[in-house]
Structures are given as structure tokens and as C-alpha cells.
Amino acid sequence: MEFFYNILTYDDFDDFTASVTWDLELKQLSPGKFRADHTSFGDVDIQVGETVYNQTLLQQGSVPNGFTFAVNHSVSAPITWRYLAFPTNGIIVFPENREHQGLSQPNHHPFTVTISETFLAAVAEELELPELNQFVLRGEVLLCDPTIIDRVRTFLGSLCATIKNTSKGSLDILINHETKWKIARLLLYALASSKRIKPKKRQFIRRKRVVDRVLEYVDADLSIPRSISELCKIAEVDERTLRNIFYEQFSLSPKKYLKCHRLNVVRSALKGIDSSKIFIADIANANGFWHMGQFAADYRSLFGELPSETMQRH
């Protein structure tokens, strides 16, 4: 992979999701027009990204090969990752090619770094650190020394700012072996001084089981509205527990989340359809929206545009 860089601004949620190189499904859960700013650069050894977006996003999928880390900007809004609050002084060490599930709040501002195992191991050996599997714990949220993690985010921030203000011809000189080595070194020092934040495993499994049961049941036929009592029966929990789990996972009640979920399904269906053969009302009805005036209002509230505008743009 040759050196690359991107400096992009998105005013369209679909354009943003199409550009994401990770294998992710994204859902917008907060109302309003979407906007994101994204900067990325790297090569075969290391890839760095900085993104800030203005809406609540549910992220589900998997991450790239290698070791992938996430560090929040000092002024970033929070993210909940796999039912665990991500602290300001933390690092997420993503599990390789395994489930990624996060809920990020408006103005979430992460830095992500993916480093090849070969390069990271070489830097660790040069620093005389233990074997990677002894302190780089995949699938964990690690709490780091505030001073060290601040050095990480400051250096990544300065690199991304430099990318935005440097001519293309100078970038491959700027992002050299020394720069890549320093990124890896800072991350390794942060990880070497970190402490694992232990999730409550039983609680995590129970919450995930409840959410999975509800969504599987709803997705089986989106055209049928489901009552809370019906969902409680399927999930085998009482109404209070169901509400608490959905608020913890999605920051929304079950009813509001499921409406956002169905609206996102409609939006995906509207992209690329032949409007001469399929009507918006048919897609809306198939996903449980029967009052077209209310559907259009709900759709516009969530995405900042009418269903017809989505269809025309795609």
C-alpha cells in the first residue's frame, strides 16, 4: 500500500457511510442533517484517522486486520463501546475481525490508529517491551496514565492538522519512518502503563441477549407494529428492565429506537430504487409506517430531508 491521505467533509449521511473503509453498518439515531469531517493518512504499516460528526450513531461491524486502537480527542463527546463507557483517558483495543458495537454521541471526535502486527512488534522489541500479547489486550478498554494518553492525542492531532495544511508533494517526506515509529511508541507506552477496565460479563451477555431477541423478532416482519408488552414477553424481561437496557445501549426508549431503526431501513431501501416501479408508500408500509403524513414528518425530523429527496439523490 502506497502512502495515502484524505481530507473530506460530508454533508450527506449516505456518502459518509459509503466511504467508511471498516466493515461497519451505521445508523443515525438523533434528529437533524448529518455532517462529518474526516482526515486520514497512512501506508502499509500504519493508518491514522480523525473524524468528528454531529449526530448520534450506532456502529456495528468489524475492524481492519492488524492492531486497531481508538483514542478520544480531549473535547470529544462520549462513546459507549460494547455496553462499557469509554473514559477520557482510555484506549480501545479493538478485537481483530470480531464484533464491534458502539454508540457515539453528537460531536464524538475519535482518533483511530491501525498498525500492522509486524511493525508494532518491531517497535515493541526495539523498546525492550514484553511480547505484545502480554499487554496489548484485544477487545478491551484500557485506562491509561493521563499524561501519556494526552501526549498520544496531542501528537495525532498535530499530525492531522499538518496533513490539512501541507501540500501533497511534502506529505510523504513528513510522514516518514520516524513519524510512524513515534506513533507506535507513544501508543505502546500508554498501553504498557494501562489498567484493564473489567466489564460485568454476565450483565453484558444478558443485555445483548435481550436486545438481540427484540431486534430479531421485530426484523422478522417490520410491517407489523409491536407493543412493549409483546417485546417484553419475547425478551423475557419486565417493562422497566427493557426500557433500562435500551436506554443504556441506545440512549433511547425501545419505542423510539425501533422507530429510528425502521426509518434507517426505509432510507437504505430508498437508495437505488426505480421510482417508476416502486412507490415510497410501498416501502414505508413494508416497514410499519401507514400514515404517510406522519411518516414523512418523522423521516424529515431524523434525516433532515424528505424521503423523495433521498430517492432523487440516489
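Residues are numbered from 1 along each chain as its sequence is written. Because the model is predicted, local features need pLDDT of at least 70 and side-chain atom pairs count only at pLDDT 80 or more, while totals for chains, interfaces and linings use all residues, and side-chain values use heavy atoms, with hydrogens and water left out.

Helices and strands here are DSSP runs (H or I, at least four residues, for a helix; E, at least two, for a strand), numbered from the N terminus. Two strands pair if DSSP finds at least two bridges between them. In general, strands of a sheet pair through backbone hydrogen bonds, either parallel or antiparallel.

Leu142 has Arg196 in E13 as its bridge partner. Contact means heavy atoms within 4.5 Å.

E2 and E5 are paired in the antiparallel sense over six bridges. Five bridges join strand E5 (residues 57-62) to strand E10 (residues 100-104), and this pair is antiparallel too. Gly61 stands opposite His100 in E10.

Ser104 belongs to strand E10. Is Ser104 buried or exposed? Ser104 counts as buried because its relative accessibility is 0%; buried means under 20% relative accessible area, exposed over 50%, and partly exposed in between (1.4 Å probe, protein chains only). The side chain of Ser104 makes a polar contact of 3.3 Å with that of Tyr53 and one of 3.1 Å with that of Gln59. A polar contact is a pair of N or O atoms within 3.5 Å; within protein, one must be able to donate a hydrogen and the other to accept it, and residues adjacent in sequence count only if both atoms are side-chain atoms. Leaving aside neighbours within four places in sequence, the residues in contact with Ser104 include Leu57, Pro78 and Ile79.

Next come the nonpolar cores. A nonpolar core is a set of buried Ala, Val, Leu, Ile, Met, Phe, Trp, Tyr and Cys residues joined through side-chain atoms within 4.5 Å. In soluble globular proteins, nonpolar side chains tend to be buried together. The largest nonpolar core has 38 residues, of which Phe69, Ile91, Ile115, Val136, Ile183, Leu187 and Leu188 touch the most other members. The elements that give two or more residues to this core include strand E4 (46-53), strand E11 (110-115), helix H4 (146-164) and helix H6 (177-192). Apart from this core lies another, of 35 residues, among them Leu215, Leu270, Ala284 and Met311.

H6 has 16 residues and reaches 22 Å from its first C-alpha to its last, close to the 22 Å expected; the expected span is 1.5 Å times one less than the number of residues. Its buried residues include Trp181, Ile183, Leu187 and Leu188. The N-terminal end of H6 is capped by Asn176, with a side-chain oxygen 3.2 Å from the backbone nitrogen of Glu178. Not counting residues up to four places away in sequence, Leu188 touches residues including Leu120, Leu132, Phe135 and Val136.

Two loop residues remain. Asn107, in the loop between E10 and E11, has a phi near 70°, a positive value in a residue other than glycine. Asn107 is partly exposed, at 46% relative accessible area. Glu128, in the loop between H2 and H3, has a positive phi of about 60° although it is not a glycine. Glu128 is exposed because its relative accessible area is 73%.
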